Amino acid sequence: MALLLIRNDKNYEPWIEALKKADSSITVVTPETVENPDEVTMAVTWKAPQGSFADYPNLKAIGSMGAGVDHLFEDKSLPGDVTLTRVVDEKLASDMQEFVSALCLNHIRNLKVYSALQDHSNWKPTPYRRAKEVCVGILGLGTLGQAVGTMLTNVGFKVTGWSHSKKEIENITSYSQNELDAFLSEAEILVCLLPLTEKTQGILNTELFSKLPKGAYLINVARGGHLVENDLTEALKTGQLSGAALDVFNTEPLPEDHPFWNNKDIIITPHIASMSNAASVSSQIAKNYKRLQKGEELMNTVSHDRGY
Ligand code: GLV
């Protein structure tokens, strides 16, 4: 039996090293080194090229190297009968907590405004708001959404969340599916942490923006596919949104000639909110592989039907 790694960037060394460290008995192969495709029972991937799984007839499980699994479902040849898994990791959660908190505080304390003023040697105090006066709405209360929400309540923000089913989380007001409008009407900062599925594709659009308080701020740390880019540009133009921080894009890297680069209302970061780290997540991948070998249930499974 062997564990197959497939990455679009072919950066295998840190993963092989970390997996071997987690469990030296595991045979780790890549599409380049595999000698006998029949012995591969599990694949762990990040953005595998289309059709990558077709060569492995004995695959029983396919895992994402990150928290997101949309890249798995993009492959139309994904076998329907394999168990799917993702990574749930404390470091991924705490990195996301810190990043979103930084952006929320950056916004209410006008740091981007001062950065622009500094370019013109312009000393210009601007009124600011306090965290306890501001409501942050989190779209998606999964593992990362809950972690971010809890951190934001600790910082002092009022926090609400919207998710498929209502959640019981201390100090967070939870809204479920058909309560989206009520949730949006309060969200002065909207954080997108939804999984990308057919249902959530393009959810950040003009109609949704129009239901937010005027001048709301958007933070997208989920996937570029959630956002209708032209609708954001328009909402910033009309002032319906006062700004946005985007860490994820439809095309990554964001093309050099993309209009977002020159939009002073948008903060652009290169998909770094929370990066899956081989050293940190390899032990759970190794554990899942061992479970598969023993015929045990896998951890952190993903539903084929729901897409997350
Ligand atoms: C990062 O985007 C991840 O899905 O882990």
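This is a predicted model: local features need pLDDT of at least 70, side-chain atom pairs count only at pLDDT 80 or more; totals for chains, interfaces and linings use all residues.

User: What do I check on the helix itself, and how many residues does α9 have?

Analyst: Compare the end-to-end reach with the expected span. Helix α9 covers residues 278-294, which makes 17 residues. From first C-alpha to last, α9 reaches 24 Å, close to the 24 Å expected at 1.5 Å a residue.

User: What happens at the start of α9?

Analyst: Look for a side chain that reaches a backbone nitrogen. Here a side-chain oxygen of Asn277 comes to within 2.9 Å of the backbone nitrogen of Ala279.

User: Which residues of α9 are buried?

Analyst: Buried means under 20% relative accessible area. In α9 the buried residues are Ala278, Ser280, Val281, Ser282, Gln284, Ile285, Ala286, Asn288, Tyr289 and Leu292.

User: What covers the buried residues of α9?

Analyst: Both strands and helices take part. The cover includes strands β1 (2-7), β3, β4 (61-64) and β5 (83-85). It also includes helices α1 (13-22) and α3 (90-108).

User: What about a loop residue? Is Asp23 buried or exposed?

Analyst: Asp23 lies in the loop between α1 and β2 (28-29). At 19% relative accessibility, Asp23 counts as buried. The cut-off is under 20%. Leaving out residues up to four places away in sequence, Asp23 touches Ala286 and Lys290.

User: Where does Ser52 lie, and what does its side chain reach?

Analyst: Ser52 is in the loop between β3 and β4. Its relative accessibility is 14%, so Ser52 is buried. The side chain of Ser52 reaches the backbone oxygen of Pro49 at 2.5 Å. Not counting residues up to four places away in sequence, Ser52 touches Ile6 and Asp75.

User: How do I set sequence separation against distance in space?

Analyst: Pick two residues and read both values. Ser52 and Leu19 are 33 residues apart along the chain, and their C-alpha atoms are separated by 21 Å. Now take Trp162 and Ser174. They are 12 residues apart in sequence and 6.0 Å apart in space, C-alpha to C-alpha.

User: Where is Trp162, and why does it count as buried?

Analyst: Trp162 is in strand β7, residues 158-163. Trp162 counts as buried because its relative accessibility is 12%. Beyond residues up to four places away in sequence, its contacts include Ile138, Leu141, Tyr175, Phe183, Leu194 and Ile203. Ser176 is also one of the residues it touches. The side chain of Trp162 reaches the backbone oxygen of Ser176 at 3.2 Å.

User: Which residues does a cis peptide bond join?

Analyst: Glu252 and Pro253, with omega about -5°. Pro253 is in the loop between β11 (241-246) and β12 (266-268).

User: Last feature. Which residues surround the ligand?

Analyst: The shell is Trp46, Gly66, Ala67, Gly68, Arg223 and His271. These divide into two nonpolar, three polar and one charged. A polar backbone atom of Ala67 is 2.8 Å from a ligand oxygen. A backbone N or O atom of Gly68 is 2.7 Å from an oxygen atom of the ligand. For Arg223, a side-chain N or O atom lies 2.8 Å from a ligand oxygen. The protein covers 87% of the 200 Å² of accessible area that the ligand has on its own.

Technical notes: Residues are numbered from 1 along each chain as its sequence is written. Side-chain values use heavy atoms; hydrogens and water are left out. A residue is near a molecule or strand if one of its heavy atoms lies within 4 Å of it. A polar contact is a pair of N or O atoms within 3.5 Å; within protein, one must be able to donate a hydrogen and the other to accept it, and residues adjacent in sequence count only if both atoms are side-chain atoms. Accessible areas come from the Shrake-Rupley method with a 1.4 Å probe; for residues, only the protein chains shown count as cover. Ala, Val, Leu, Ile, Met, Phe, Trp, Tyr, Cys and Pro count as nonpolar, Asp, Glu, Lys and Arg as charged, and the others, Gly among them, as polar. Helices (H or I, at least four residues) and strands (E, at least two) are DSSP runs, numbered from the N terminus. The expected span of a helix is 1.5 Å times one less than its number of residues. Buried means under 20% relative accessible area, exposed over 50%, partly exposed in between (1.4 Å probe, protein chains only). Contact means heavy atoms within 4.5 Å.
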